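Let's take a walk through a protein fold together. Keep the structure open while you read.

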Amino acid sequence: YKRHYSWAVPTEELFNAIRGCGPFLEIGSGIGYWAHEMRLHGLSVTATDSLPRNPQYFEKDSSLWIQDILVMDAVEAVKKIPRPALLVSWPSYSEDWAYKALMEFKGRYVVYVGEGDGGCMANDAFHEELHGNWTEVKEILIPQWPGLHDCAWLYERVVVLDPQGIV
């Protein structure tokens, strides 16, 4: 099931929590399952992945959930496709691409799906950035595969005013 669908399964509660934050840019979309589900629920999303047709993502007899996944790395995607909301679901463990993309992202919202600090997603710098410069708006429980401890979080960028009140 993980290969055909996703490491994480979205819910109606999640879609309702993020409605109004988009349109979304999904980085690391894999086979596009989340983008497919988001679109079915009326959310606008552009899906990107550096290798969306890599055989590790899907079995030979399966197909991609959506056919319009843009092939580009995460940093390139946030630079070229400005959106108010970024979706990062299950970023690669100990790799820095999610962190680098987050640092380049100029939008207001981040939806992060994965395990929290110390979990098997992203790197420490990614989690430190979320906790340091973003406000957790909502934690949304999602179904979990056996042995996993993932969740979804909606974050909003912390706005810092200078002494003159200018952002």
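## A helix lying across strands

Start with helix α5 (residues 124-133), which lies across β4, β5, β6 and β7 (151-157) and runs at about 105° to β6. The angle is taken between N-to-C directions on a scale from 0 to 180 degrees, using axes that are lines fitted to C-alpha atoms, for helices over the stretch in contact.

Two notes before going on. This is a predicted model, where local features need pLDDT of at least 70 and side-chain atom pairs count only at pLDDT 80 or more, while totals for chains, interfaces and linings use all residues. Residues are numbered from 1 along each chain as its sequence is written, and side-chain values use heavy atoms, with hydrogens and water left out.

## The sheet

In total, the protein has 5 helices and 7 strands, and along the sequence they follow the pattern α-β-α-β-β-α-β-α-β-α-β-β. The 7 strands make an open sheet with mixed pairing, in the order β3-β2-β1-β4-β5-β7-β6. β3 (70-71) and β6 (134-140) sit at the edges with a single partner strand each, so one side of each has no neighbour in the sheet.

Strands of a sheet pair through backbone hydrogen bonds, either parallel or antiparallel. Here, two strands count as paired if DSSP finds at least two bridges between them. β1 (residues 24-27) and β2 (residues 45-49) pair in the parallel sense over 3 bridges. Look for Leu-25, whose bridge partner in β2 is Thr-46.

## A covered helix

Helix α2 (residues 33-40) packs on the sheet, touching β1, β2, β4 (85-89) and β5 (109-114), and its direction makes about 175° with that of β2. α2 is mostly covered, with 6 of its 8 residues buried. Buried means under 20% relative accessible area, exposed means over 50%, and partly exposed is in between (1.4 Å probe, protein chains only). Among the buried residues of α2 are Tyr-33, Trp-34 and His-36. The buried residues of α2 pack against α1 (12-18), β1, β2, β4 and β5. Just after α2, Gly-42 takes a positive phi of about 80°.

Now find Trp-65, in the loop between β2 and β3. Trp-65 counts as partly exposed, at 24% relative accessibility.

## Inside the protein

Which residues have the most contacts inside the largest nonpolar core? They are Phe-24, Ile-27, Val-110 and Val-113, in a core of 51 residues.

Is Glu-115 buried or exposed? Glu-115 is found in the loop between β5 and α5, and at 9% relative accessibility it counts as buried. Among the residues Glu-115 touches, not counting those up to four places away in sequence, are Cys-120, His-127 and Trp-153.

How values were computed:
Helix = DSSP H or I, 4+ residues; strand = E, 2+ residues; numbered from the N terminus. Contact = heavy atoms within 4.5 Å. Core = buried A, V, L, I, M, F, W, Y, C linked by side-chain atoms within 4.5 Å.
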